[in-house]
Amino acid sequence: MKDRISECEKMPDPDDDPACWTEFMKKNPRRWNELVNMIMFHESCCDSSGVKILAHAVDLVMCSHCDATFPSKKACGSHARAKHGVRCDQRYYADGSATCLVCATSFSSRLRVLAHLCRKNSACWAAVCSSKRPFRRLTDSKVAELDAIDAAARLAAQREGRSTPLALRQRRRANGNFAGRAILG
Ligand SMILES: [Zn+2]
Ligand SMILES: [Zn+2]
């Protein structure tokens, strides 16, 4: 690789400084995939063991629908949703209790939990993705059931002229305090 692709000539020998290479793979996953594909193409190499070793070295996540690899579960998830029409992974970690399983904030509905987990740079979702301790993942059938309930609630809300289902209760943080402005009645 180092000797065959000019872009990699400037890199140190992978035996001397593997960290420099893993850094490059993590920072430029797309470019790295292109480079790997180039070398596979040039050599029409049938043996993929080399690629597997590299994938192991940086803990790349492999798409379960095609052979694309990604530096993180998150990147792999957005690829699967965009390319393979897979449901957003957050749905598998939001059950009917409407409580965030990471920060234990209790929301008014499951949809609010999903919004909380799907928010850009959601710390709770990052925790689910990176945690060594696996969070309980719902089954496909459970997610389908919960999605159907959410869809029905959304439909009912639309019929009544609201864009989102009514909040049934106020958001409450794990410490018991209510989030947002208190409604005085
Ligand atoms: Zn894929
Ligand atoms: Zn949370």
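## Helix 6 and its buried face

In helix 6, the residues Arg 110, Val 113, Leu 114, His 116 and Leu 117 are buried, where buried describes a residue with 20 or more other C-beta atoms within 10 Å of its own, exposed one with 12 or fewer, and partly exposed one in between, the C-beta atoms being placed from the backbone. Seen down the helix axis, these buried residues fall within an arc of 160 degrees, so they line one face of helix 6; the arc is taken from the directions that run from the helix axis to the C-beta atoms. Helix 7 and helix 8 (140–159) are included in what covers the buried residues of helix 6.

This is a predicted model, in which local features need pLDDT of at least 70 and side-chain atom pairs count only at pLDDT 80 or more, while totals for chains, interfaces and linings use all residues. Residues are numbered from 1 along each chain as its sequence is written, and chains are lettered from A and ligands numbered from 1 in the order in which they are written.

## The largest nonpolar core

Nine residues make up the largest nonpolar core, namely Tyr 93, Ala 94, Cys 100, Phe 107, Val 113, Leu 114, Leu 117, Trp 125 and Val 128; such a core is a set of buried Ala, Val, Leu, Ile, Met, Phe, Trp, Tyr and Cys residues joined through C-beta atoms within 7 Å. Helix 6 (110–118) and helix 7 (123–130) each supply at least two residues of this core, and the largest share, three residues, comes from helix 6.

Leaving aside its neighbours within four places in sequence, Trp 125 is in contact with Gln 90 and Leu 117, contact meaning that the C-beta atoms of two residues, placed from the backbone, lie within 7 Å.

Cys 76 has its place in helix 5 (residues 73–84) and is buried, because 21 other C-beta atoms lie within 10 Å. Apart from neighbours within four places in sequence, Cys 76 is in contact with Val 61, Cys 63 and Phe 70.

Glu 145, which lies in helix 8, is partly exposed, because 13 other C-beta atoms lie within 10 Å. The C-alpha atoms of Glu 145 and Gly 96 are separated by 9.8 Å, although the two are 49 residues apart along the chain.

## The protein as a whole

The protein has eight helices and two strands, which are DSSP runs numbered from the N terminus, with H or I over at least four residues for helices and E over at least two for strands. Read along the sequence, the pattern is α-α-α-α-β-β-α-α-α-α. Buried residues make up 12% of the 185 residues in the protein.
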